[in-house]
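Welcome, and please get your viewer ready. We will take this tour one selection at a time.

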Amino acid sequence: MLHRLIEEFHTVNWSLDIAERYRELMDDEEHHSDESDVPIYWKEDREPTIDKLVDEVVEMLENYRGKDYNRDANVILSESKFMLKVGRNVFSGTVDQIRQNDNGEFTLLDFKSSKFPPNQTFLDVDYQFGLYSLACWKGVFKLPDGTMKMLEIPPDKLRIVYYHLRDHIPYKRNGKGFQAGDERGDPRKFTSRTRDQLKVLKRDVGAIASNINRGVFPRNPGTINCPACAYSAICIGDSRIDGLSAHQIKSIETLNLPMEEAA
Ligand code: SF4
């Protein structure tokens, strides 16, 4: 819904009433969403929770609109679907926003509303951003008129921004180095990819896709993802290895080698 509002700022009405439109979208989502496997659960007394959510959204998006670098942006694509062929595999996804800058270069923005932004190392190695960069160069994007088009933006002409929307929510109290009412800093966390990095990415994702096609999903434990993981109960112990054939286990061993080399 946040993405939809940002898209509407740039394509329909920059000054739209955020709270009113957000409540409309929430209502649509609740009653008409086709994502039946992702229901929205509310506590019994839902109004205070919704009011708090709406207040946060208004703060984030009012301050988004307050920035010259957003208001003056030349947005060329919003919520645009893409397809990208890497070896024998086809990847698809949706890019939140692409802007063309005054110098002819481009910026791809990925809007996030999670509590904490990742660190710079994560941004520099994350597969999602690597695939976005490759898609802007070699993939095809769906344009608003429904046609598909290659953007042919080489990686050295593309900056990628992890846009941490929560940095627009002002501090509620004074603290060390900040006052109540201050925003939390620049929400734009920058990264980019080089041509060499994209070469390595292709080998990496090819190896991962081969694993997936064989039904092999190596664990990816982490202090942030595991505590919040809905699958942790079935991930523990040897249970998954028990479910694999000798052939699949052999595949893991042979595929891990190229993955390590690629890394
Ligand atoms: S517990 Fe979840 S997040 Fe952690 S490794 Fe297993 S599947 Fe991945």
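How many salt bridges does the structure hold? The structure holds 16, where a salt bridge is a side-chain nitrogen of Lys or Arg within 4 Å of a carboxyl oxygen of Asp or Glu. Before we visit some of them, note that this is a predicted model, in which local features need pLDDT of at least 70 and side-chain atom pairs count only at pLDDT 80 or more, while totals for chains, interfaces and linings use all residues. Residues are numbered from 1 along each chain as its sequence is written, and side-chain values use heavy atoms, with hydrogens and water left out.

**The whole protein**

Start with a cartoon view. The secondary structure comes to 10 helices and seven strands; helices (H or I, at least four residues) and strands (E, at least two) are DSSP runs, numbered from the N terminus. Of the 263 residues, 33% are buried. Buried means under 20% relative accessible area, exposed over 50%, and partly exposed in between, with a 1.4 Å probe and protein chains only.

**Salt bridges across the chain**

Select K172 and E59, whose side chains meet in a salt bridge of 3.1 Å, N to O. K172 is in the loop between β6 and β7 (188-191) and E59 is in helix α3 (residues 46-65), 113 residues apart. K172 is exposed at 54% relative accessibility, and E59 is partly exposed at 25%.

Next, pick E183 and K67, a salt bridge of 2.9 Å, N to O. This pair links the loop between β6 and β7, where E183 sits, with K67 in the loop between α3 and α4 (68-71), 116 residues away. E183 counts as partly exposed at 26% relative accessibility, whereas K67 counts as buried at 19%.

Now try E105 and K157, with their closest N and O atoms 4.0 Å apart. E105 lies in the loop between β2 and β3 (106-112) and K157 in the loop between β5 and β6, so the pair ties together parts that are 52 residues apart in sequence. Select R4, E8, R21 and E24 as well: salt bridges that share partners join them into one network.

**Around D96**

Move to D96 in strand β2 (residues 89-100).

Beyond its neighbours within four places in sequence, D96 is in contact (heavy atoms within 4.5 Å) with residues including S78 and E79. S78 belongs to strand β1 and is buried, with a relative accessible area of 16%.

Most residues other than glycine have a negative phi. E79, in strand β1 (residues 74-86), has a positive phi near 45°. E152, with a phi of about 55°, lies in the loop between β5 (148-150) and β6 (158-164).

**Last stop: the ligand**

Finally, select the ligand, surrounded by R219, N220, P221, N225, C226, C229, S232 and C235, each with a heavy atom within 4 Å of it.
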